[in-house]
Amino acid sequence: MPSYTVTVATGSQWFAGTDDYVYVTLVGTEKCSEKTLLDKPLYNDFERGAVDSYDINVTEDLGDIELVKIEKRKYWMQDDWYCKYITVKTPAGDYIEFPCFRWVTDDKEIILRDGRARLPQNDKTRVAKQHRRKELELRQKVYRWREWHPGFPMSIDANTHKELPRDIQFDSEKGIDFVLNYSKAIENLYVNRFMHMFQSSWNDFADFERIFVRISNTISEYVMQHWQEDFMFGYQFLNGCNPVMMQKSTKIPDNFPVTSAMVESCLERDLTLEEEVKAGNIYIADYAIMEGISPNSTDPCTLQYLAAPICMLYKNVQNKILPIAIQLGQTPGEDNPIFLPTDDKYDWLLAKIWVRSSDFHVHQTVTHLLRTHLISEVFGIAMFRQLPAVHPAFKLLLPHIRFTIAINTKAREQLICECGLFDKANGTGGGGHVELVQKSMKTFTYKSLCFPEAIKARGLESEEELPYYYYRDDGLRVWKAVQSFVTDIVSIYYSSDETVQDDEEIQAFVKDVCSFGMQDQDECEFPKSLKTREQLIEYLTTVIFTASAQHASINFGQLFLGMYPDEHFTEKPAKAAMEKFRKKLTEITSFIKSRNEGKKLPYYYLSPDRIPNSVAV
C-alpha cells in the first residue's frame, strides 16, 4: 500500500498553534487521497513553532501531486492556526514543498500549490488553471478598493485593523509591538507634556533644546549644537530626513526676484549670480505645494500659520551647500520680502525655521505618507487581487508588502484620522494634510518613483558636481543591487519580451495599480501594460525600492532588506539569485560603514543592514 509522509510546520508567532482538528487531502494527477485527520486535539501537535510528520496510506498511487488541501474544523472554539509550509514525501522518496505562510481561520479550506513559481501560460492542466482562477476570484472579494478621501490613492476597504483579511493583519507580536512603540514614542517625545507648547507660541530657543532631551545620540547632539548654522541647514537638504526637495537651478525663478547685488557677499568665485547659475552652483528648494493649504484650526484659541517658501542655495568653493536667500511666500512684493544672511541674525534664523517648518509638512505628508506608505499599499492591494501565490512576481513582492496595509489602516484609525495625533500636534492637522495629499497627487508620476530618474529630474546626478550627497550615492548603489536581483529573477521565468506580453496576470496587476489604485489619473503616467522584460524589471524594482530603501531613507526602521524568513521561492536558481543579492548588499554595507568612519555626521539610512524590507512602521 503506497504511503505518503506529510510534514506540517506551524508558525512561531504567538497563538500560531491550534487545538482544532486539521485535515489534509492530497490531489494527484491520477487520484485524490481521502480527507485525512492528521491528529486529534490536545495531542501537543500544531503547537507554536512545531514541525510534525504524519503518514497517509492510500490504496493506489496518486500520480504527481498537484495540490494539497488543508481544512481546519472547530474542536471547542474557533482557534486560528498559522501554517508555514507542508512537505510531502512520495512513495518514490521525492520531497515536494508546499509553501503556505498563511493563517487558517474558521472552518475553511486552503488549497496549496507546490513551491515552484509558474506563469499563467505555463499551467496546462485543468486543475492547475482552475485553482489559479478560483484563488484570484476569492482574493478579489476579500481585497477590495476604497477611496478614503477624494483625490487620494485608493486604499483597502476596511475601517479598522480588525476588519482586514487575517493574512495581512499584524501577527500578535507585531500588533503588541505597534502599541508599545506608539506609546513609547509619545512618551519619549514628551508629546503629551509639550502639547501646550504645540498649541501656543514658543518663547525662546530653550524650548527646542528641551525637545531634544529624550532623543539622545551622537548625531542628534551634533545637530543640536549646530542647527542654527547655515552649513547644517544646507546639509539637511542633501542627507536629512527629506533629501528630495533641492534641485539645480537653470534660471532665477520669475517669482523669486533675487539679484546679484543681494547675495554678492555670499558668492565666492568672483562671478555674478547669473554666472553662478550657468556654472551649476545655484540650487532651489521650492515649497509651492504648501500655498493655499489650510493651517490647523482645531483649537479655536490657537492661531496657526503655514508658509510656502522658496529657498536659494549656493555650492561654495568647499562644495558645501549654503542658504543665501529665502522668500516665505510664492508671490513677491513689499509684504513678502527676501531674507538674506546679511539680515539681522534672528530675522535670518526665523526665515530658515519657516523653511524647515514647511519642509516638515511636505516630508511627513508627501514624501513619507503619500510616496511610500500610500503607494506601497496600492501596489500591495493590486498584488493580492491580480497575482496568485504561484506567480513569481507574487513570491518576489510579498516580503516587501508585509504589514504595509496593516500599518496604513492603523494610521487611518489613530494618526491621520479626525482628532488623531496629526490634528493635535501638526500645523496641517484638521484637514490641511488631506489637502496636501490631494494637491500632490496632481503631480505624482510613476517616473518620480524610479530613483535614478528622480535624481536626474532634479539635475543632481553628477557626483563630481555635487559631492557628499550620500542619499543619492547610497540610493543608487542599493537601486542597482535590487535591479540586478530582479533581473536575475525575471530572467529565470521570462524568456523573452513576448513572455511578458502573454502574462495576463502581470498585465492585470499593473493595470489595477493605474486604473484603480491611482484612479486612472492622466498626470500620473503609471503604465497600464508592460511590453518588455526591461519594463517589467524597472517596475518590480520600483515597487521593492519604494517599499524598502526609499521608506528607510526618510523614516528608518527594522526587518532588513535581503532577509526573507518566509521562503516562497523553492527553485535553486531563485535561491541562488537571493544569495547573490545578499552578497551585494553586504558589500554595500561594508562600503558605507568604511566611508562613515570618523565622520561627525555619518549617513547610514541607506545602509542595507538598516533598510527594512517593507513599509511596516
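Trainee: Why is Arg132 counted as buried?
Mentor: Compare the value with the cut-off. This is a predicted model, and in it Arg132 has 4% relative accessibility. Buried means under 20%. So Arg132 counts as buried.

Trainee: Where does Arg132 lie, and which residues does Arg132 touch?
Mentor: Arg132 lies in helix α1, residues 126-142. Not counting residues up to four places away in sequence, Arg132 touches Arg118, Leu119, Pro120, Asp123, Pro388, Val390, His391 and Glu505. A touch here is a contact: heavy atoms within 4.5 Å.

Trainee: Is Asp39 buried, partly exposed or exposed, and why?
Mentor: Asp39 has a relative accessible area of 21%. Buried would need a value under 20%, and exposed a value over 50%.

Trainee: What does the UniProt record say about Asp39?
Mentor: The unreviewed UniProt entry has a "binding site" annotation that covers Asp39. Such annotations may be inferred rather than shown by experiment. In the model, Asp39 sits in strand β3, residues 36-39.

Trainee: Which residues is Asp39 in contact with?
Mentor: Leaving aside neighbours within four places in sequence, they are Val22, Asp45 and Tyr54.

Trainee: Why is Tyr54 called buried?
Mentor: Tyr54 has a relative accessible area of 9%. The limit is under 20%. Tyr54 is therefore buried. Its place is in strand β4, residues 51-57.

Trainee: What surrounds Tyr54?
Mentor: Leaving aside neighbours within four places in sequence, Tyr54 is in contact with Tyr4, Thr5, Val6, Val8, Leu38, Asp39, Asp45 and Phe46. Ile70 is 16 residues from Tyr54 in sequence, and the two are 14 Å apart in space, C-alpha to C-alpha.

Trainee: What makes the nonpolar surface patch?
Mentor: Leu303, Tyr305, Leu350 and Trp354 make a patch of about 460 Å². Patch residues need over 30% relative accessible area. Trp354 has 31% relative accessibility, so Trp354 passes that cut-off.

Trainee: Which residues touch the most other members of the largest nonpolar core?
Mentor: Phe509 and Phe526 do, in a core of 122 residues. Helix α9 gives the largest share of this core, 16 residues. Another core, of 25 residues, lies apart from it; among its members are Val6, Val8, Ile56 and Cys83.

Trainee: Which residues is Phe526 in contact with?
Mentor: Neighbours within four places in sequence aside, Phe526 is in contact with Ile375, Phe379, Thr445, Tyr446, Leu449, Val513, Cys514 and Met518.

Trainee: Why does Phe101 count as buried?
Mentor: Phe101 has 12% relative accessibility. That is under 20%, so Phe101 counts as buried.

Trainee: What is the phi of Asn319, and where is Asn319?
Mentor: Asn319 has a positive phi of about 65 degrees and is not a glycine. Its place is the loop between β13 (310-315) and β14 (321-327).

Trainee: Is Asn319 buried or partly exposed, and why?
Mentor: The relative accessible area of Asn319 is 24%. Buried needs a value under 20%, and exposed one over 50%. Asn319 is therefore partly exposed.

Note on methods. Residues are numbered from 1 along each chain as its sequence is written. This is a predicted model: local features need pLDDT of at least 70, side-chain atom pairs count only at pLDDT 80 or more; totals for chains, interfaces and linings use all residues. Side-chain values use heavy atoms; hydrogens and water are left out. Helices (H or I, at least four residues) and strands (E, at least two) are DSSP runs, numbered from the N terminus. Buried means under 20% relative accessible area, exposed over 50%, partly exposed in between (1.4 Å probe, protein chains only). Patches are made of residues with over 30% relative accessible area and no salt bridge: like charges are joined within 9 Å, nonpolar side chains (Val, Leu, Ile, Met, Phe, Trp, Tyr) within 5 Å. Accessible areas come from the Shrake-Rupley method with a 1.4 Å probe; for residues, only the protein chains shown count as cover. A salt bridge is a side-chain nitrogen of Lys or Arg within 4 Å of a carboxyl oxygen of Asp or Glu. A nonpolar core is a set of buried Ala, Val, Leu, Ile, Met, Phe, Trp, Tyr and Cys residues joined through side-chain atoms within 4.5 Å.
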